[in-house]
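Biologist: Could we go through this structure together, one topic at a time? I would like to begin with a single residue and then move on to other topics.

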Amino acid sequence: MTDTKRRKAYVSVNVNIDEQGNIMPCFVMWKNGLVYRIDKVIYKCRAASMAVSGGGIRYTVLIKGQESFLFQEGNRWFVEEKAG
């Protein structure tokens, strides 16, 4: 298994907020204009990124059959983008 270098990439996120104030991310939008629909939120917890600096609320999400982490860091969102 090879280690892939990662970097912190801030992204735009479209969310739904229910009447209790629960946040549910729906879409991730990259700077280049690509938009990915989040098929499912699998898990949500407070955690730090092990690959890049930072942390906050970590959402384990399913996008196009791939599990990925999406972090809410205060009012901003980031992903652990593959570098290079």
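Modeller: Let us start with Gly54. At 28% relative accessibility, Gly54 is partly exposed, because that class runs between the limits of 20% for buried and 50% for exposed. Please keep in mind that this is a predicted model.

Biologist: Where is Gly54 placed?

Modeller: Gly54 sits in the loop between β4 (40–48) and β5.

Biologist: And which residues does Gly54 touch, not counting those up to four places away in sequence?

Modeller: Leaving out residues up to four places away in sequence, Gly54 touches Lys8, Ala48, Ser49, Glu73 and Phe78. Two of these residues, Glu73 and Lys8, form a salt bridge with each other, with the closest N and O atoms 3.2 Å apart. That pair links distant parts of the chain, since Glu73 belongs to strand β6 and Lys8 to strand β1, 65 residues apart.

Biologist: How far is Gly54 from Pro25?

Modeller: Their C-alpha atoms are 19 Å apart in space, and the two residues are 29 apart in sequence.

Biologist: Back to the charged pairs. How many salt bridges does the structure hold?

Modeller: The structure holds 3 salt bridges. Besides the pair already described, the side chains of Arg7 and Glu81 meet at 2.9 Å, N to O. This pair also links distant parts of the chain: Arg7 is in strand β1 (residues 6–17) and Glu81 in strand β7, 74 residues apart. Arg37 forms a salt bridge with Asp39, the closest N and O atoms being 3.1 Å apart.

Biologist: What is the accessibility of Arg7, Glu81 and Asp39?

Modeller: Arg7 has a relative accessible area of 41% and is therefore partly exposed. Glu81 counts as partly exposed at 23%, and so does Asp39 at 37%.

Biologist: What about Arg58: which side chain of opposite charge is nearest?

Modeller: Glu80 is the nearest, at 6.9 Å. Arg58 is buried yet has no salt bridge, because a salt bridge requires a side-chain nitrogen within 4 Å of a carboxyl oxygen.

Biologist: Then what surrounds Arg58?

Modeller: Arg58 is found in strand β5. Apart from residues up to four places away in sequence, Arg58 touches Tyr43, Lys44, Cys45, Ala47, Phe69, Leu70 and Phe71.

Biologist: New topic: how much space lies in the largest pocket?

Modeller: About 550 Å³. The largest pocket has 18 lining residues, and those nearest its centre are Arg6, Trp30, Glu67, Ser68 and Glu80. Two or more lining residues come from each of β5 (55–63), β6 (66–73) and β7 (76–82).

Biologist: Which element gives the most to that lining, and what is the make-up by class?

Modeller: β6 gives the most, with 5 residues. By class, the lining has 9 nonpolar, 3 polar and 6 charged residues.

Technical notes:
Residues numbered from 1 in each chain as written. Predicted model: local features only at pLDDT ≥ 70, side-chain atom pairs only at ≥ 80, totals over all residues. Heavy atoms only, no water. 1 Å grid on protein atoms, 1.4 Å probe; cavity = no way out; pocket = protein on both sides within 12 Å on 5 of 7 lines; lining within 4 Å. Points joined across faces, edges and corners; volume = space filled by probe spheres on them. Helix = DSSP H or I, 4+ residues; strand = E, 2+ residues; numbered from the N terminus. Nonpolar A, V, L, I, M, F, W, Y, C, P; charged D, E, K, R; others polar. Buried < 20%, exposed > 50% of the residue type's maximum accessible area, 1.4 Å probe, protein only. Lys, Arg positive; Asp, Glu negative; His and termini not counted. Contact = heavy atoms within 4.5 Å.
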